[in-house]
Amino acid sequence: MIPPRGIHSGGIEPQGAPARPGRPPGDPEEGRMAGYHADKDQLLRRLRRVEGQIRGLQRMVDTDTYCIDTLTQVSAATKALQSVALHLLDSHLAHCVHDAIAGGGNEADAKIAEASQAIARLMRA
């Protein structure tokens, strides 16, 4: 069995491997708990519900369900994902960004810029 990787799975990264995709080795976030850790079970339940909604949408398309009914379900799944995204963003601001600002320096500036970019991506979605 391959051991779990990353801070989010509770495993330890192999030496030299990035903690998360897109993060360089030695990232200051390495070893830190995700801001949403306390709400992880709730988030996973929400995501499973969204997964069920998507499977339902696939069935609707497969059975040629009326377009407006299918679009209504697409809207519901989209809103559910937006709710998860807002929860994650709120947790990130309350924990990760807050901690970086308390520490000051370049890390604070980087966290604020990162949060701003994430908000912009959510607004475009």
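The axes of helix H2 (residues 67-103) and helix H3 (residues 105-124) come within 8 Å of each other and cross at roughly 165 degrees; axes are lines fitted to C-alpha atoms, for helices over the stretch in contact, and angles run from 0 to 180 degrees between N-to-C directions. H2 is therefore roughly antiparallel to H3, a term that applies to angles over 145 degrees. The structure is a predicted model, in which local features need pLDDT of at least 70 and side-chain atom pairs count only at pLDDT 80 or more, while totals for chains, interfaces and linings use all residues. Residues are numbered from 1 along each chain as its sequence is written, and side-chain values use heavy atoms, with hydrogens and water left out.

H2 passes H3 in a left-handed crossing (the near helix is turned anticlockwise from the far one by less than a right angle). On the H2 side, the contact (heavy atoms within 4.5 Å) includes Ala85, Leu89, His92 and Leu93. Among the H3 residues involved are Lys111, Ile112, Ala115 and Ile119. The residues of this contact comprise 12 nonpolar, three polar and three charged; Ala, Val, Leu, Ile, Met, Phe, Trp, Tyr, Cys and Pro count as nonpolar, Asp, Glu, Lys and Arg as charged, and the others, Gly among them, as polar.

Helix H1 (residues 40-62) packs against H2 at an angle of about 160 degrees, and their axes are 10 Å apart. H1 is thus roughly antiparallel to H2, and H1 also passes H2 in a left-handed crossing. Residues of H1 including Leu43, Arg46, Leu47, Val50 and Ile54 meet residues of H2 including Val74, Ala77, Leu81, Val84 and His87. This contact of H1 with H2 divides into 14 nonpolar, six polar and two charged residues.

His87 lies in helix H2 and is buried, with a relative accessible area of 18% (buried means under 20%, with a 1.4 Å probe and protein chains only). The His87 side chain forms a polar contact with the side chain of Asp39 at 3.0 Å; such a contact is a pair of N or O atoms within 3.5 Å, of which, within protein, one must be able to donate a hydrogen and the other to accept it, and residues adjacent in sequence count only if both atoms are side-chain atoms. Apart from its neighbours within four places in sequence, His87 is in contact with Asp39, Gln42, Leu43 and Arg46.

Overall, the protein has three helices and zero strands, where helices (H or I, at least four residues) and strands (E, at least two) are DSSP runs, numbered from the N terminus. Of the 125 residues, 22% are buried.

How values were computed. Angles under 35 degrees count as roughly parallel, over 145 as roughly antiparallel, 65 to 115 as roughly perpendicular and the rest as oblique. Buried means under 20% relative accessible area, exposed over 50%, partly exposed in between (1.4 Å probe, protein chains only).
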